[in-house]
Amino acid sequence: MTEYLLTLLMSGLVTGSVYTVTALGLTMVYGILNLMNFAHGETYMAGAYFGYFLLAIFGVSYPIAVLGAILGAALLGVVLEMVAFRPLRNAPQLSPLIASLGVSIFLQNLAMLLWSPTPRMFQTPYVDQIVQIGVISMSMQRVIVFIVCVVLIVALYLVVQRTSLGKSMRAVALDAEAAALMGIDSRMVILATFAIGSALAGVAGALVGPILILSPFMGVPIILKAFAVVIMGGFGSIQGTVLAGFVLGITESFGVLVIPTAYIDTIAFVLLIATLLVRPTGLFAERVEENV
Amino acid sequence: MALLEVAGVTKRFGGLTAVSGVSFSVNEGEILGMIGPNGAGKSTLFNLISGVYPASEGELRLDGRRINGLRPSALCALGIARTFQKIRIFKQLPVWKNVAIGRHCRTRAGLVASVLRPSWVGREEREVREKALGLLDFVGLSRSAEDQARNLSHGEQRLLEIARALATDPRILLLDEPAAGLSTMDSSALMAMVGRIRKQGTSVIIIEHDMEVVMGLSDRLIVLNYGQKIFEGTPGAAQRDAQVIAAYLGTEVA
Amino acid sequence: MTTKVQSAALAVLSVVTLCVAIALPWILNSNYYLQLFVLAGINIILALGLNIVLGFAGLLALAHAGLFGIGAYASALLVMRTGISFWIALPASAAIAALFGALIGICSLRLRGHYLSIATAGFGIIIYQVFLNWISLTNGAAALGDIPPPNPIVLPGLGSITFETRISMYFLILAATVLSAVVCARIRHSRIGDALLSIREDEVAAEVMGVPVFRYKLLAFVLSAVFAGVAGSLYAHYTRIIAPEMFHLFETVTSLLMVVSGGLGSIPGVIVTSIFFTLAPEVMRELQDYRMLSYGALLVIIMIFLPEGLAGAVRQAWRRVAYLFERSKVRHGTA
């Protein structure tokens, strides 16, 4: 029994780390543009497919495939920002949100036309390799997912807190005009944010792709969960996002004990709604009152 | 009895205390001036009185009845109306509709009546339009009644906010820097207008940086500095008060 | 002056459209095309509902297709399981949808802007999941079939109207569409419509000027759910078979495209684009595979290049015509 529970815990940590990485990409863009980007899920999907094609068709090794997925996703993010979101910078608040929903639907259907709706298996050498950790055993792929995600989370935290790029990002997020007066090129900072945020989605896709099944619509459940994590974690809080991501992953994992698997995907929203009813600004954000 | 009483009201934002233990009252038909340097807590006080922010401490009373915690819309129905320092008109609606929305709390057509339109609904709508046009005339905007509100000049938008606030039949009107962006001529017209509003029995609290306007209009003056009330009395006395001069007038008048 | 001319033009246009709509079955003389117009009517009702919450109150609520589905399943199951008449099931399913709309509103209206949209999208997904997985109730992905058509209306001494044929369904749905449009227009031009628009413009100012914002947002959610519920009930008893796929987030996006391209808040605009986007994919059959792809792209393009939609374009054209007209009057000395 303990073995089973520990296995569930581990698998919760693995999914939680993926949710966290995806959600961090989302919250970065939200912080800087106030845009909840629906197309973030499709960037994740694209990352998974990029990795798959590199590995299955071009025969590169898995680490190279993941790297390719990161670059491809970052490029996709930059293109989306330039084509769809930049022209809407001064539009009413809902316009970029509606546009991002449009981009999301567009990319799903584009993927379906290009790559067919047939689900694909993303086989890596690590999927069938079993490692023994104490009493529990799990696939090497999951171990890799967890380790890479944790490294990325820490790296992102350091980039945002320590580097000049991170400082510029925080400055633009706080007040774009003031940042521009300080000589920060906000266009470049926004592009960099999109690139990094999308890269995070892409790497998440390429990492979990081999555990899941690839489909053009695989971005939908993850984006909604990432949204839930971002809101639960509280606006802009990295710590909050990390905690909420792991809480969700673990809750889902243990959820199989109590509810039918078909409803596991709804846990995110039940948690989200429960959080909102208790603390409308998320678990970590300070209560912000609108300036009148 | 005073119409509005503010008793020991404090407002904290996180660690910052924007308003600290302020007390004062406003009588019926009185014009109370409120001055103080930027960041002294004047607008925050307006936000507390109009219910936009909840007070952290202290009590607000209207006609002796405690009004803490009421929604702004409920306070509006009780007779508290205001304008905003940073203009907040309904930009994409016609000018007269902006004023008509101020009538919302004084009209009663609900969902069913709006859909079935019995004859009284049409009557009510005509009354609202007439009242709105009358108020636009009062503030001198009747020529622009059908224009989109966003096409008005800055000064006109301030006047529109006053008309919209008056449409709610306020007992007390809070004016937040109404003369900002007005020419000298326009601000004397504004002073005359505020005088007329008071004659109709409405009390006014006015935040204003233009000393001529605020000194000329106010029956009484309160001065805020760092969230605290440092003076209350006649405008004349304020000009002689050492603390006020040091905090505020000294730098402005000299 | 121009507003008077405009509203007169709109009135004439509405009457003409209604006449054409009544004559349509004989004009088309084709069951296939008539069926498309029946679907257009349902889409209009659905889009008008979304228009209340998005176009009037400025809230992007994304559970619309889910509420549409609740109306459809509620109506179908009420008739099939309890045997009550369609004419009772129709208002009952609207009420059930309204109840869910209120529930979603109460939970998500604590959030603003983008957060609200996401929370409602979440509700939409949950509803879809329930349709898909509560097999004992909905039959799941296998679809719920054999839904009876609306019960005949018996006119004493004159026989009865049955709804077995396309043409009678067409007139039923035409009546519902016209009624929905009238109700929508009346709400839009009432005190309630003004209150909703003021919330869209500036909700802090609206609240301070006496509009109880939460109550009106909730009302917008409920009204929009009622429209979705009615559309769902009509849809279920018209197509006689419903499946979860029809109530997916994609369908919300389709309604969203209809509202956005018509022009947020514009009732005539939304009606025109709803008809257009129902007919277009059918007329251009070979493009069927690219339907959702182009809908996604269109949403982006409209947001960037035509943010006020069809209604905005017409308004602009009208202004240009009025301007040229004025100028020619001046030139000919008739002014």
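Two residues are taken to be in contact if their C-beta atoms, placed from the backbone, lie within 7 Å. The structure described here is a predicted model.

**Helix α5 of chain A**

The buried residues in question are Q141(A), R142(A), V145(A), F146(A), C149(A), L152(A) and L156(A). Helix α5 of chain A covers residues 140–162, and its 23 residues, at 1.5 Å a residue, should span 33 Å; the end C-alpha atoms lie 32 Å apart, which agrees with that expectation.

**Chain C as a whole**

Chain C is built from 14 helices and 2 strands. Its radius of gyration is 21 Å, close to the 20 Å that the globule rule gives for 335 residues, so chain C is as compact as a globular protein of that length. Further values for the chain are tabulated below.

| Property of chain C | Value |
|---|---|
| Box filled by C-alpha atoms, along the principal axes | roughly 75 × 50 × 45 Å |
| Buried residues, of 335 residues | 49% |
| Contacts joining residues at least 24 apart, among those between residues at least 6 apart in sequence | 77% |

**Packing of α2 and α10 in chain C**

Two packed helices are described by the angle between their axes and the distance between the axes. In chain C, the axes of α2 (residues 31–56) and α10 (residues 213–239) come within 8 Å and cross at roughly 170°. Angles over 145 degrees count as roughly antiparallel, and α2(C) is therefore roughly antiparallel to α10(C). On the α2(C) side, the residues making the contact include V38(C), I42(C), I45(C), L46(C) and F56(C). On the α10(C) side, they include A220(C), F221(C), F227(C), L234(C) and Y238(C). By class, this contact of α2(C) with α10(C) has 19 nonpolar and 2 polar residues, with no charged residues.

**The side of chain C that touches chain B**

Between these two chains, 20 residues of chain C are in contact with 28 residues of chain B. The elements of chain C that give two or more residues to this side are α7 (166–188), α8 (191–201) and α9 (203–208). The largest share, 7 residues, comes from α8(C). By class, the side of chain C that touches chain B has 11 nonpolar, 3 polar and 6 charged residues.

Definitions and conventions. Residues numbered from 1 in each chain as written. Chains lettered and ligands numbered in written order. Predicted model: local features only at pLDDT ≥ 70, side-chain atom pairs only at ≥ 80, totals over all residues. Helix = DSSP H or I, 4+ residues; strand = E, 2+ residues; numbered from the N terminus. Nonpolar A, V, L, I, M, F, W, Y, C, P; charged D, E, K, R; others polar. Expected span 1.5 Å × (residues − 1). Buried ≥ 20, exposed ≤ 12 C-beta atoms within 10 Å, placed from the backbone. Axes fitted to C-alpha atoms, helices over the stretch in contact; angles between N-to-C directions. Parallel < 35°, antiparallel > 145°, perpendicular 65-115°, else oblique. Rg over C-alpha atoms; globule rule 2.2 N^0.38 Å.
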